[in-house]
Protein chains: 2
Amino acid sequence: MGEVKLLASWSSPFSRRVEMALKIKGIDYEYIEQDLSNKSPLLLQSNPVHKKVPVLIHNGKPIAESLVILEYIDETWETNPIFPKDPYEKAMARFWAKFIDEQCNHAVWQITCSKDKEKEKAVEESIGHLKTLENELKDKKFFGGETIGVVDIVANIIGFWLEALQEALRIELLTRERFPILSKWIDEYVSCNIVKENLPPRDKLVAAFRAILNAPA
Amino acid sequence: MGEVKLLASWSSPFSRRVEMALKIKGIDYEYIEQDLSNKSPLLLQSNPVHKKVPVLIHNGKPIAESLVILEYIDETWETNPIFPKDPYEKAMARFWAKFIDEQCNHAVWQITCSKDKEKEKAVEESIGHLKTLENELKDKKFFGGETIGVVDIVANIIGFWLEALQEALRIELLTRERFPILSKWIDEYVSCNIVKENLPPRDKLVAAFRAILNAPA
């Protein structure tokens with residue numbers, strides 16, 4: 001198995017993805033919390049390009065970028081696969097993971113840093129992307145089918161962080177009326193032990209969002 | 001091998017990546033040029049989420065997003081691998097492919113659609129990202145080592161499209177003085193038969209950029 005270290009931040013959904021994958025696989029690792037306001041020499045040296053968490057260090061070799069790390073974990077430790085085996089199904093999982101990161105996450109983050117018309121546009125775009133995800137989920141229990149797979153791991157942003165962000169900013173984006181299927185998925189998702197154990201405290205996260213975004217409590 | 005179709009556009013570096021991988025692997029395919037100003041029902045139905053090229057259709061099943069397609073091709077047809085076998089090397093290749101798409105490509109594109117201070121910032125960012133790539137390449141012949149690998153395929157944007165864009169916009173970003181290592185890589189890259197055969201006519205590409213960006217000839 002070798003020595004596994006994880007440079008992470010408690011509030012980062014990207015860090016939590018990697019932790020979830022390590023836990024699903026039953027891999028022992030050393031968790032090293034990073035202070036992102038005062039980055040450690042270890043973080044700067046392990047991820048000199050982006051200087052961000054998460055970084056997985058396996059036998060002294062660092063890997064950055066959560067999606068890249070998830071692929072590495074699944075290829076290195078074969079028990080409890082998180083990606084589908086079939087190349088086409090695997091391609092679809094990669095497509096949706098990329099969609100969540102590049103479209104959903106981007107559009108939602110735009111809401112937090114824009115105003116007026118631009119903000120309206122970002123809200124509209126976010127709703128459109130969430131509709132696309134709702135259609136993809138259809139009658140599946142999880143994106144991965146009957147059990148949690150890589151797309152569910154990546155969708156933690158939607159399954160937990162988005163609700164905390166909505167509460168912090170007092171906006172309504174992902175509501176039960178608008179997204180009954182995604183809402184049902186969220187209920188199932190946060191009820192799974194492996195997910196539950198791996199989420200930050202909700203109140204602390206809402207407070208952190210308020211502090212970052214300068215939103216009134 | 002099955003039936004392979006590629007929905008592509010002659011000027012798209014993303015389409016050309018897929019073609020290059022198919023050619024490296026020696027896979028027969030039907031090339032179907034797409035008119036992006038009047039999207040075909042086949043394109044809209046094959047990539048309903050992004051409505052973009054490239055789309056690879058293998059035995060009737062469509063896959064979108066060039067990086068996702070490259071992974072699929074390498075997993076489905078094993079001859080002449082384009083990704084490294086070793087999981088760590090593979091993770092590094094994925095990291096750099098992602099970096100080229102999300103950082104370099106994004107920053108360069110920002111130059112084309114911004115003005116004044118924002119444009120200056122985008123130029124500075126682009127140069128910074130290219131410096132990072134220059135450092136990564138160091139004394140290697142190709143990003144893939146002695147032969148072309150997936151990062152070289154993805155870096156076609158820098159190896160060919162960027163120079164055409166510079167000519168169209170009359171800007172100087174990637175110069176020999178500023179980037180001796182990347183410039184040497186470009187020379188090697190465009191001299192490879194597999195690359196040469198798979199590039200659009202330079203003049204036609206420059207003219208297309210000028211038309212899209214409304215730049216004077």
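Let's start with the annotation. UniProt, in an unreviewed entry, lists residues 2-81 of chain A as "domain: GST N-terminal". In this predicted model, that span is 38% helix and 21% strand. Its end C-alpha atoms sit 19 Å apart.

Now, backbone geometry. First, the cis peptides. In chain A, the bond joining A:Val53 and A:Pro54 is cis, with omega about -5 degrees. A:Pro54 belongs to the loop between helix 2 (41-46) and strand 3 (55-58) of chain A. Over to chain B. The peptide bond from B:Val53 to B:Pro54 is cis, and omega is near -5 degrees. B:Pro54 is placed in the loop between helix 2 (41-46) and strand 3 (55-58) of chain B.

Next, positive phi. A:Glu65 is not a glycine, yet its phi is near 80 degrees. Look for A:Glu65 in the loop between strand 4 (61-64) and helix 3 (66-76) of chain A. Is A:Glu65 buried or exposed? Buried, because its relative accessible area is 19% and the cut-off is under 20%.

A:Arg170 is another non-glycine with positive phi, about 50 degrees. A:Arg170 lies between helix 7 (156-169) and helix 8 (180-191) of chain A, in the loop. A:Arg170 has 55% relative accessibility, so it counts as exposed.

Last stop, a lysine. B:Lys90 is in helix 4 (residues 87-112) of chain B. B:Lys90 counts as buried, because its relative accessibility is 14%. What does B:Lys90 touch, leaving out residues up to four places away in sequence? A:Glu75 from chain A, plus B:Phe83 and B:Pro84 from chain B.

Notes:
Residues numbered from 1 in each chain as written. Chains lettered and ligands numbered in written order. Predicted model: local features only at pLDDT ≥ 70, side-chain atom pairs only at ≥ 80, totals over all residues. Heavy atoms only, no water. UniProt positions renumbered as here; feature names shortened; annotations may be inferred. Helix = DSSP H or I, 4+ residues; strand = E, 2+ residues; numbered from the N terminus. Buried < 20%, exposed > 50% of the residue type's maximum accessible area, 1.4 Å probe, protein only. Contact = heavy atoms within 4.5 Å.
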